Amino acid sequence: MMDYTTRVAVVGAGHAGIEAALAAARMGLDTVLFTMNLDAVGNMPCNPSIGGTGKGHLVFEIDALGGEMGRAADRVTLQSRTLNTGKGPAVRSKRIQADRLRYRRLMKQTLERTERLRLMQAEIVALLTEPAGEGERIVTGVRTSLGTEWRAEAVILATGTYLDSRVIVGEHACSSGPDGMLPAKGLSDCLRELGIPLMRFKTGTPARIHARSIDFSCLEVQEGEEYITPYSRDTDEAQLNTLRQLPCHIVYTNAKTHRIIRENLSRSPLYSGIIRGTGPRYCPSIEDKVVRFAEKERHQLFVEPMGSDTDEIYLQGFSSSLPEDVQLAMLHSLKGFERAEVMRLAYAIEYDCCDPTALRPTLEFRRIRGLYGAGQFNGTSGYEEAAAQGLVAGINAALKLQGREPLRLPRDSSYIGTLIDDLVTKGTKEPYRIMTSRSEYRLLLRQDNAEERLLPYGRAVGLISDERWQDYLTRKEQTEREILRLEKTTLPPGEALNRLLAERGSTPVTCGVKLAELLRRPQLDYESLAPLDPDRPPLCRSVRSEVEVRIKYEGYIKRQKQEAARMAKLSQKRLPPDLDYASITGLRLEARQKLSEFRPADIGEAASISGVSPADISVLLIRLKMREGGESEP
């Protein structure tokens, strides 16, 4: 007889659910991962890529915490590129084209082979809860559409875009999940009954085109980068660089494309009122872009392969919900796509998600103990944002059941910390996307130092192996030793040095100069100094890169660390859980309402709440000082 009990139940096997289930199981807890279709585990219903601006940072951070996405992405890479290479190291982001079918197979296999983890095809239609006093409830399990009840001590909702989802093409709308899957029905009603605030969001995807119908000779070729840096430290870097990368291509919309779109705006569900959900601002449909950026003569589109053994092509930037005939006319107006054959039409999809301000920074619901949210269910957009939240939710569910302190990542620790802080304190009115501009600590949160920032956290919760930890300590020691050597080593002036400086357009020297001082010059890099530095030790690429960045940007990094330390000191000032914000003279009305609603644990958390101003924080600090001194408020 089957035992319908588990410690952690995860609902949804997309990118959030996968990371949540793997984390909980790898931390030693019996875990069940429920999915509506076993063949859709780890599906990429939108673009077949992982990473991008800001998103690449998340993947490196997921790997540093002990997550799976980076390892899997490395194994299914079709092409790799680093974006923003002409800018500073803070905003450089890795992006790969992924083989979506291989990714799905690989993730399903990983789940199947993980100890203490069961993968089950079933639709969850209800949560089981019990009263917990003071208006709170505690989750006790889930119920499937067949009426089977599973008892669980923690439940993680990672439902993606499936909750009461509806697919829309032109005037046609039907109840459906992404990629023709079934929608999740019933669970939304259960969540509303439990008092969980829901929102209605929308996203979309472009058509898929048969490669044989595209004239690639008319398109710009976009090759991959010469050397691939893996997302994961567990990946064999040398083997990854034997990969034969597939090319991508670029095409542009034109005046005819824009005319077709404008002539058919009345048939667009975006403008006719058929679509009710709010779409992502930073990934709009092509009809939205033509309307919002009417002055632009063309928009860039990326022609991307979806796998090594499929002829499906993804046209990034051409997302639409226009009727089928309009989609075809738009597509055939593109150069090289005059005879394009559509394999899957573009569509918009609406779905339910929760208001993330109902969550704690641990991603546990404030009023339902043991219930966690992750991924697009929390109002985000993108595979990487989903995986990051799933990992944190899985870790925190496991830590809570083990009686350990929760994982809370501050904003200066990671983009994951920034993402979660933005969601739970500010909320979102549209699908949230991470961007480097969202962080005030960008120079501290680089891709190259994700391990330095987050590996200790991953190690503490039990997701980093002894071997990887020792490898990290070795590289850290090598980095510190090399920086010290460069700071101490002086090069005498001479013909060879000044010839190099002249070739690089840098000022010549007339006296001895430290290697570190030379490296701080913008015209020079670590490799260019090699001919003048015969005693340098053999170091791996990642160590050489870290050494160069830390020396070049030492002053900026120091200033950001000082600011982060100041905020950390503020965050240590705890706010009493019984503090009556309504009675504090000097707080603005909005601040009183927001602070009473969110009940922040400390000053740092209070400062990040939308609607709480620096002046309000000053009032709180004064009140705390008076309270500590036993003074009464005047």
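At what angle do helix 7 and helix 10 pack, and how far apart are their axes? Select helix 7 (residues 255-263) and helix 10 to see: the angle is about 165°, and the axes are 8 Å apart. Helix 7 is therefore roughly antiparallel to helix 10.

**Before you go on**

This is a predicted model, in which local features need pLDDT of at least 70, side-chain atom pairs count only at pLDDT 80 or more, and totals for chains, interfaces and linings use all residues. Residues are numbered from 1 along each chain as its sequence is written, and side-chain values use heavy atoms, with hydrogens and water left out.

Some terms come up throughout. Helices (H or I, at least four residues) and strands (E, at least two) are DSSP runs, numbered from the N terminus. Axes are lines fitted to C-alpha atoms, for helices over the stretch in contact, and angles run from 0 to 180 degrees between N-to-C directions. Angles under 35 degrees count as roughly parallel, over 145 as roughly antiparallel, 65 to 115 as roughly perpendicular and the rest as oblique.

**Stop 1: helix 7 and helix 10**

Stay with this pair. Show the side chains of T257, I260 and I261 in helix 7. They meet V326, A329 and M330 in helix 10 (contact means heavy atoms within 4.5 Å). This contact has five nonpolar residues, one polar and no charged. Here Ala, Val, Leu, Ile, Met, Phe, Trp, Tyr, Cys and Pro count as nonpolar, Asp, Glu, Lys and Arg as charged, and the others, Gly among them, as polar.

**Stop 2: the cavity**

Keep helix 10 (residues 324-332) in view. It gives four residues to the lining of the largest cavity, the largest share. A cavity is a set of points on a 1 Å grid over the protein atoms alone where a 1.4 Å probe fits but cannot get out; a pocket is an open set with protein on both sides within 12 Å along at least five of seven lines; lining residues have an atom within 4 Å of a point. Grid points are joined across faces, edges and corners, and a volume is the space filled by probe spheres set on the points.

The structure holds one cavity of 30 Å³ or more. The largest cavity has about 70 Å³ of space. Select its lining: A207, F318, S320, Q327, L328, M330, L331, V342, L345 and A346. Eight of these are nonpolar, two polar and none charged.

**Stop 3: helix 1 and its partners**

Now select helix 1 (residues 15-26) and helix 11 (residues 383-401). Their axes come within 7 Å and cross at roughly 30°. That makes helix 1 roughly parallel to helix 11. This crossing is right-handed. In helix 1, look at H15, A16, E19, A20, A23 and A24; facing them in helix 11 are Y383, A386, A387, G390, L391, G394, I395 and A398. The contact has 10 nonpolar, three polar and one charged residues.

The axes of helix 1 and helix 4 come within 11 Å and cross at roughly 25°, so the two are roughly parallel. Their crossing is left-handed. H15, I18, L22 and R26 of helix 1 touch Y103, M107, T110 and L111 of helix 4.

**Stop 4: P45**

Where does P45 sit? Look in the loop between strand 2 (31-35) and strand 3 (49-51). Beyond its neighbours within four places in sequence, P45 is in contact with R100, P178, D179, T205, R208, Y347 and Y383.

**Stop 5: the second largest pocket**

Finish at T229, D448, R541, S542 and S545, which lie nearest the centre of the second largest pocket. Its volume is about 1500 Å³, and 49 residues line it. Colour helix 17 (541-552). Helix 17 gives the most to this lining, with 10 residues. By class, the lining divides into 15 nonpolar, 10 polar and 24 charged.

Definitions and conventions. Left-handed = near helix turned anticlockwise from the far one by under 90°.
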